[in-house]
Amino acid sequence: MYRLREHIQEADNNPLLIFPEGTCVNNHYTVMFKKGAFELGCTVCPVAIKYNKIFVDAFWNSKKQSFTKHLLRLMTSWAVVCDVWYLEPQTLRPGETSIEFAERVRDIISVRAGLRKVPWDGYLKHSRPSPKHTEQKQRIFAESVLRRLEEK
């Protein structure tokens, strides 16, 4: 984080391109963003990217194929087609946390690219959620069901 802060403080440095999801997703949804880039106090220029699978699917499913095989498939396809939208620059609002800032930017990107927001981290594709997280979600769901039953 220190090196990022140092980099953005120099006006002559090139802008950084950061993928805040931290992983590849399947072009249908956006996962939670990592908050690090949103803690720097700098302007964020969101870019929404949505791939068109007309020639090749750019999503790499690491459980189904090696990166080498995926890269070879991309490089030998006729074209990799995608829509790219450069969105309005965003800055941290007064009283807004870095997590809220990240979520606001994710909302903007999701709406523009027509992607569904999901409330989980992109690394769930590699492992199961922790029991603590599962129990918390179960408790929230149970409470909502109980509230609905009490209303009737």
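How much space lies in the largest pocket? About 1200 Å³. This is a predicted model, in which local features need pLDDT of at least 70, side-chain atom pairs count only at pLDDT 80 or more, and totals for chains, interfaces and linings use all residues. Residues are numbered from 1 along each chain as its sequence is written, and side-chain values use heavy atoms, with hydrogens and water left out.

**The largest pocket**
- A pocket is an open set of points on a 1 Å grid over the protein atoms alone, where a 1.4 Å probe fits, with protein on both sides within 12 Å along at least five of seven lines.
- Its volume is the space filled by probe spheres set on the points, which are joined across faces, edges and corners.
- Lining residues have an atom within 4 Å of a point.
- The largest pocket has 44 of them, and Leu17, Ile18, Phe19, Pro20 and Val47 are the closest to its centre.
- Two or more lining residues come from each of α1 (2-9), β1 (29-30), β2 (47-52), α2 (67-76) and α3 (98-113).
- β2 gives the most, with four residues.
- The lining divides into 32 nonpolar, nine polar and three charged residues. Here Ala, Val, Leu, Ile, Met, Phe, Trp, Tyr, Cys and Pro count as nonpolar, Asp, Glu, Lys and Arg as charged, and the others, Gly among them, as polar.

**The fold**
- The chain has four helices and four strands. These are DSSP runs, numbered from the N terminus: helices are H or I with at least four residues, strands are E with at least two.
- Along the sequence, the pattern is α-β-β-α-β-α-β-α.
- The C-alpha trace spans about 60 × 40 × 25 Å along its principal axes.
- Of the 152 residues, 25% count as buried (under 20% relative accessible area; exposed is over 50%, partly exposed in between; 1.4 Å probe, protein chains only).

**The nonpolar core**
- A nonpolar core is a set of buried Ala, Val, Leu, Ile, Met, Phe, Trp, Tyr and Cys residues joined through side-chain atoms within 4.5 Å.
- The largest one has 13 residues, and Phe33, Phe38, Ala48, Val105 and Ile109 touch the most other members.
- α3 gives the largest share of this core, five residues.

**Tryptophan 120**
- Tryptophan 120 sits in the loop between β4 (116-117) and α4 (131-151).
- Its relative accessibility is 32%, so tryptophan 120 counts as partly exposed.
- Beyond neighbours within four places in sequence, tryptophan 120 is in contact (heavy atoms within 4.5 Å) with Tyr29, Val31 and Met32.
- The C-alpha atoms of tryptophan 120 and phenylalanine 33 are separated by 9.3 Å, though 87 residues apart along the chain.
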